[in-house]
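Please read the points below with the structure open beside you. They move from the surface to the contacts between side chains.

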Amino acid sequence: MATVGAHIISADLSPAYCRDTTPSSGKSKRNQILKRRLAVSNEQAQASTASRSTAATRSFAHNELEAETKRRVSVDEYCSEGNGKRLKDYFDEAERVIRSSSSDGGPPRWFSPLECGPHSPQSPLLLFLPGIDGVGLGLIRHHQRLGKIFDVWSLHIPVKDRTSFTGLVKLIETTVRSENCRSPKRPIYLVGESLGACLALAVASRNPRIDLVLVLSNPATSFSRSALQSTIPLLELMPSQITLSLSSILSLMTGNPLKMVMDNVVKGLSPQPTIEQLSQDLVAVSSYLPVLADILPKETLLWKLELLKAASAYANARLHAVKAQTLVLSSGKDQLLPSQEEGQRLTSALPKSQLRSFEDHGHFLFLEDGVDLVTIIKGASYYRRGKSLDYISDFMPPTATEFNELNEENRWMSVLMSPVMLSTLEDGKIVRGLSGIPSEGPVLLVGYHNLMGFEVHTMVPQFLIERKILLRGLTHPILFVDSKDGGLPDLGPYDKFRIMGAVPVSAVNFYKLMSSKSHALLYPGGMREAMHRKGEEYKLFWPETSEFVRTAATFGATIIPFGTVGEDDVAQIVLDVDDQMKIPFMKSQIEEWTKQYIKVRTGTEGEVGNQPIHFLFYLPKVPGRFYYYFGKPIETKGIKQELRDKKKAHELYLEIKSEVENCLAYLKEKRENDPYRNILARLIYQATHGFTSQVPTFEL
């Protein structure tokens, strides 16, 4: 952080370094302010900054995979990955800030919470722009996690400050330009809520050449259509002592607290800690009504509403000039602003934008339970350290919390399908479990893609649980771009794949995965196998050319062919692509999608390279059982030189394809002798031995 004029806001505040944003012409005013502060010399500030910059970077994934060996972790461990802070902490810190600056008329200034900890010198800068409260503590529940991957600064706007909207824009703009000159190769993140979102849009519109990433929470660009605008005349007539009612505050701050508790009970968490924490939050809001009155006294509230009015008008008038990458977060129960409709409007108007909806949350999204800003940014593939996203070097492994949440969504599949996983040791012995999978990479798993990719949902979590191995799936690029760029209309449901390490399939990404010694998951048949026609179960549709063998051999990767059987026990295809092409309106839609969406194999001949983009219509069956068989590992280290020959590489390619077919044939034969293939037999066994017990299978 810059050190010129650095000082601490107050000794009473949780230690936070503050940046002086006052221009040189305001030195006399600044000196008056500093008399009321605990000053820090430039030398001290420089020493503090140097220590933060040179401190050993905390590994974001430190010991995370250890926790993933268990299907669930305790509530305490679950919360310990973040701050462990709650709504009460926001009020406590806000009270200290307000008290320390009770006679402060400004100017606004930056501070960086020390609880964010040391960050990597390569971490991008994140500027938090507060909402109507102006305190700058809106990310208090996210500071620790954000601090591991960002250099976090928050803007504090004193209660009595009356800086105009354009004045705030210029203040932020000055910081953005200065930091961009200092680190031109790294993006600058502007995270703004309500008023702060308008500030972020305004700054982005005025600086289209600076690499900015905007994260906007319930933007106040909808102010003219909100109930807030009509309250201005009413507030002017109200006595200063009248404050918002407790019930209104609770609904605004906590969204739907009862539903949050019930959701956690359904997920299997112990309800007691959740209810206790919720009670603390409700009591906190009740106890800190005077703090809210101090944050937004009548005069300040009127000023902030006028500020919102100006901010909304300014930002809307300049939306056309915003070129920055933008992530819009919209709450479904925002009682201050029509945020859901506004989120859809903004993402339609902004060319590089995505929308994430939070149906059961209120206006103050970042203070609510169940919202993790780091996870949101990771899931949208919005975290990058350079000009463009590198899916390998910018990737951060899932935390135990993220893994547990995602695994809960697929838990029912594991219970119903009781997957059987077999692997092959180096001596050729087949064993139950994944002990035949090498721990050290690079490892390339090459297999058959089941119907709709159902097999991935239980396979990837099992690798983490049993072997602490994160599989990086090479996935169709359609899952990484929205409809404006030739992808899916709503990417939200696919965030979990990106959090778990999926990358768009390409030669470059495959090369990087192998060079980084990752465990990569590749389906040469791709969409053609996953979206196969009727009667094509377990039939491979691989390209004629050996696309991956020579790259894997370049890094001495271990190649593991595998097969998965079980898709025909899950669903029955009703309309495949051939059926749909006979229906005029469906044919037109398929042709439009195929023309619009991204193509993976533009140079590949045949149907594998010209797969039409479509959706399958199918009926679910009574759930069968999934079987996975990972064949004998194929080492390429000793034959790396030989595989430079295209002919030799192609021979190995055909051998791998044959091994995958053998794995499928083995499983299809063996499952006939599984006494627990039927779901009724499995449920009876689990009812007798416990639903977390491992259901037996056929003899090996």
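1. Leu683 is partly exposed, because its relative accessible area is 32%, and that class lies between buried (under 20%) and exposed (over 50%), as computed with a 1.4 Å probe and protein chains only. Leu683 belongs to helix α27, residues 679-689, where helices are DSSP runs of H or I with at least four residues, strands are runs of E with at least two, and both are numbered from the N terminus.

2. This is a predicted model, in which local features need pLDDT of at least 70 and side-chain atom pairs count only at pLDDT 80 or more, while totals for chains, interfaces and linings use all residues. Residues are numbered from 1 along each chain as its sequence is written, and side-chain values use heavy atoms, with hydrogens and water left out.

3. The structure holds 23 salt bridges, a salt bridge being a side-chain nitrogen of Lys or Arg within 4 Å of a carboxyl oxygen of Asp or Glu. In one of them the side chains of Glu173 and Arg206 meet at 2.9 Å, N to O, and this pair links distant parts of the chain, with Glu173 in helix α7 (residues 165-182) and Arg206 in helix α8 (residues 195-206), 33 residues apart. Glu173 counts as buried at 5% relative accessibility, whereas Arg206 counts as partly exposed at 29%.

4. Glu342 and Arg345 also meet in a salt bridge, at 2.6 Å from N to O, and both lie in helix α15 (residues 339-349), three residues apart, about one turn of the helix. Glu342 is buried, at 0% relative accessibility, while Arg345 is partly exposed, at 33%.

5. A search of the whole structure finds 20 aromatic pairs; rings of Phe, Tyr and Trp (its six-membered ring) pair if their centres lie within 6.5 Å, and planes under 30 degrees apart count as stacked, over 60 as edge-to-face and the rest as tilted. Among them, Tyr391 and Phe480 are edge-to-face, 5.4 Å centre to centre with 85° between the planes. Tyr391 lies in the loop between α16 (373-379) and α17 (400-417), and Phe480 in the loop between β14 (471-475) and α19 (495-499), so that the pair links parts 89 residues apart.

6. Is Phe480 buried or exposed? Phe480 is buried, with a relative accessible area of 11%. The charged end of Arg498 sits over the ring of Phe480, 5.8 Å from its centre, where the cut-offs are NZ of Lys or CZ of Arg within 6 Å of the ring centre and within 35 degrees of the ring normal.
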